[in-house]
Amino acid sequence: MADARPAPTTTERLDAPDVLDAVRAWLPDRRWFPTTADATAVSLVARTDLGVDDRGAHAVVDLLRVPGTSSSSPMTLQVPLVLEPAGTPQATVDGRGVVAVLDDGARLVDGAYHPAFVTAWLERASWSGCPAATAARDSAGGLDVRGLHVLTGEQSNTSVLLPAVAGGSMLKVIRALAPGQNPDIVVPLALVQAGWAGVPEPYAWSETAVEEDPTSVGTGSDASTSTAAPLPQRWSTHTGVLAELVPQARDGFELACDFAREGQPFANPARELGTQVAQMHSALRRAFASEVHEADPAWLLDAMQRRVRSAAGASSAVRSRVDQIDAFLEHMRGVAEEAVRQGRPLPPVQRIHGDLHLGQALYSPQKGWRILDFEGEPLRPLTERTRPDLGERDVAGMLRSFDYASAVGGATSSEWARAARRAFLEGYTGYLSVPGALGFGRPPSLADRVLIRDAFELDKALYEVVYEERNRPDWISIPLGAVDRVLGALPRPATSADAGPAGRRA
């Protein structure tokens with residue numbers, strides 16, 4: 001006898017257990033899914049229904065809880081999904097976006113790849129008042145998502161190219177969610193409002209509120225092993241942002257590698273980038289003026305000393321240099337204490353990028369350099385990612401990137417990286433000499449800035465040494481060269497023959 005039961009609605013079909021099972025099976029191969037997590041233990045926290053489009057595709061946004069482990073904290077992931085029931089027209093979707101074809105013939109698709117989700121997101125987003133956003137939102141023809149294309153190679157988020165929206169735009173779907181406002185939306189908006197055009201302008205953004213089960217907040221199998229603060233019972237966060245598309249843009253790291261590979265000097269682009277980073281720091285001081293204050297040298301040095309001890313415990317290469325590193329930090333402590341006694345100004349603490357390197361910059365022949373990704377490391381707590389710091393940390397990150405571009409690009413001489421570094425610093429320090437660029441008191445001395453910059457570069461290079469020794473030992477010479485360069489610049493005490501190798505800063 002034929003089954004007379006009515007076919008389930010798309011809402012009922014999405015609620016069926018095999019949908020979550022399909023997502024669990026699909027998650028481990030996603031680059032934004034933590035490698036140490038158990039996908040089979042992922043649970044559904046909340047679902048937002050975005051409705052059914054005129055082709056019968058049903059879009060939802062699922063928030064999934066990933067349990068913590070002994071080495072990782074619990075996470076909340078955003079996974080937009082589109083269900084195309086069997087027998088309905090299927091959208092043309094990149095095969096990478098297909099989650100599963102279910103037993104009844106329905107197709108489950110990652111929403112970032114599907115026009116039903118992208119259209120629904122655009123219709124529900126909060127739009128800025130800039131001319132491009134206003135024109136796109138009020139277009140008589142509606143929001144045109146034809147030509148949408150998901151970019152490859154990202155780790156923590158998913159970026160969707162939308163060539164016909166707002167004259168060309170990029171939608172970033174944020175995967176790892178945390179309570180609070182996402183700095184990758186808040187900071188670019190503040191920079192644009194401060195009059196700086198060095199960041200792709202945000203056109204629209206989305207937010208969500210999560211209501212936690214009060215019986216599970218701060219409890220569960222991962223509560224005893226996690227060091228993360230328990231989630232509040234109700235919290236909100238940004239979930240996506242639509243921003244200006246930078247025309248004909250090249251990834252800064254790939255561009256630098258190509259220059260190195262072809263034996264072309266990178267000095268001119270590096271100098272322009274240095275100026276842009278200095279302008280960014282100046283704009284950040286204006287946009288987040290309440291966060292600008294005097295640095296505490298003891299805090300800075302104590303934090304660096306802790307990281308040195310951690311690196312020495314993990315790397316034999318660091319252990320063999322720990323006496324020289326301690327001597328460098330002790331020298332820096334003495335200089336900082338002298339500056340305080342003499343009333344000599346040091347660089348201020350302020351809002352910074354926090355994870356700056358060549359891969360966080362785009363170069364466009366029409367627009368020049370644009371800085372991206374103010375989100376920081378998504379797995380770190382939001383309070384850490386937005387904590388004010390010294391701008392020299394960003395400078396050091398970019399300097400380290402030139403060394404890696406030289407190595408990856410196969411530059412035939414170490415002079416390629418030295419010239420790029422010099423040019424970047426010329427651009428950076430040159431802008432800081434412009435009247436009003438600092439936006440605070442007396443400028444620090446060049447010698448103090450150089451020493452602080454060297455300390456941050458040493459700090460970054462030690463992290464790289466540990467990483468390369470564990471994962472790519474053939475690459476360890478890249479960061480070790482920077483470690484030895486910084487340590488070699490330390491003045492040699494007249495009474496000691498073993499305070500550190502002699503050398504000159506490149």
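Visitor: Which residues point one way from β2, and which the other way?
Guide: This is a predicted model, to begin with. His58, Val60, Asp62, Leu64 and Val66 point one way from β2. Ala59, Val61, Leu63 and Arg65 point the other way.

Visitor: Why that pattern?
Guide: In a regular strand, side chains alternate between the two faces of the sheet.

Visitor: What does β2 pair with, and over how many bridges?
Guide: Strand β1, residues 43–52, pairs with β2 in the antiparallel sense over 8 bridges. Strand β3, residues 75–84, pairs with β2 over 9 bridges, also antiparallel.

Visitor: Which residue of β2 does Ser43 stand opposite?
Guide: Ser43 stands opposite Arg65.

Visitor: How many residues lie between β1 and β2 in the hairpin?
Guide: There are 5. Gly56 is in that turn, with a positive phi of about 90°.

Visitor: New topic. What is the strand order in the open sheet of 6 strands?
Guide: The order is β6-β11-β12-β9-β8-β7, and the pairing is antiparallel. The edge strands are β6 (126–127) and β7 (149–150). Each of these pairs on one side only.

Visitor: How many bridges join β8 and β9?
Guide: They pair over 6 bridges, in the antiparallel sense. Strand β8 is residues 157–162 and strand β9 is residues 169–174. Ser159 has Lys172 in β9 as its bridge partner.

Visitor: Which strands does helix α3 touch?
Guide: Helix α3, residues 115–124, packs on the sheet. It touches β6, β8, β9, β11 (202–211) and β12 (234–244). The direction of α3 makes about 105° with that of β12.

Visitor: And helix α5? Which strands does that one touch?
Guide: Helix α5, residues 183–193, packs on the sheet too, touching β9, β11 and β12. Its direction makes about 145° with that of β11.

Visitor: On to helices. At what angle do α7 and α12 pack?
Guide: About 160°, with their axes 11 Å apart. That makes α7 roughly antiparallel to α12. The crossing of α7 past α12 is right-handed. Helix α7 is residues 267–287 and helix α12 is residues 392–409.

Visitor: Which residues meet there?
Guide: Ala270, Leu273, Met280 and His281 come from α7. They meet Asp394, Val395, Met398 and Phe402 in α12. By class, the contact has 6 nonpolar, 1 polar and 1 charged.

Visitor: How do α12 and α14 cross?
Guide: They cross at roughly 55°, and their axes come within 8 Å. The two helices are therefore oblique to each other. The crossing of α12 and α14 is right-handed. Helix α14 is residues 446–471.

Visitor: What classes of residue make up the contact of α12 with α14?
Guide: The α12 side includes Glu392, Arg393 and Tyr404. Among the α14 residues are Phe456, Lys460 and Glu468. The contact has 7 nonpolar, no polar and 10 charged residues.

Methods: Residues numbered from 1 in each chain as written. Predicted model: local features only at pLDDT ≥ 70, side-chain atom pairs only at ≥ 80, totals over all residues. Heavy atoms only, no water. Axes fitted to C-alpha atoms, helices over the stretch in contact; angles between N-to-C directions. Helix = DSSP H or I, 4+ residues; strand = E, 2+ residues; numbered from the N terminus. Parallel < 35°, antiparallel > 145°, perpendicular 65-115°, else oblique. Left-handed = near helix turned anticlockwise from the far one by under 90°. Contact = heavy atoms within 4.5 Å. Nonpolar A, V, L, I, M, F, W, Y, C, P; charged D, E, K, R; others polar. Buried < 20%, exposed > 50% of the residue type's maximum accessible area, 1.4 Å probe, protein only. Pairing = 2+ DSSP bridges.
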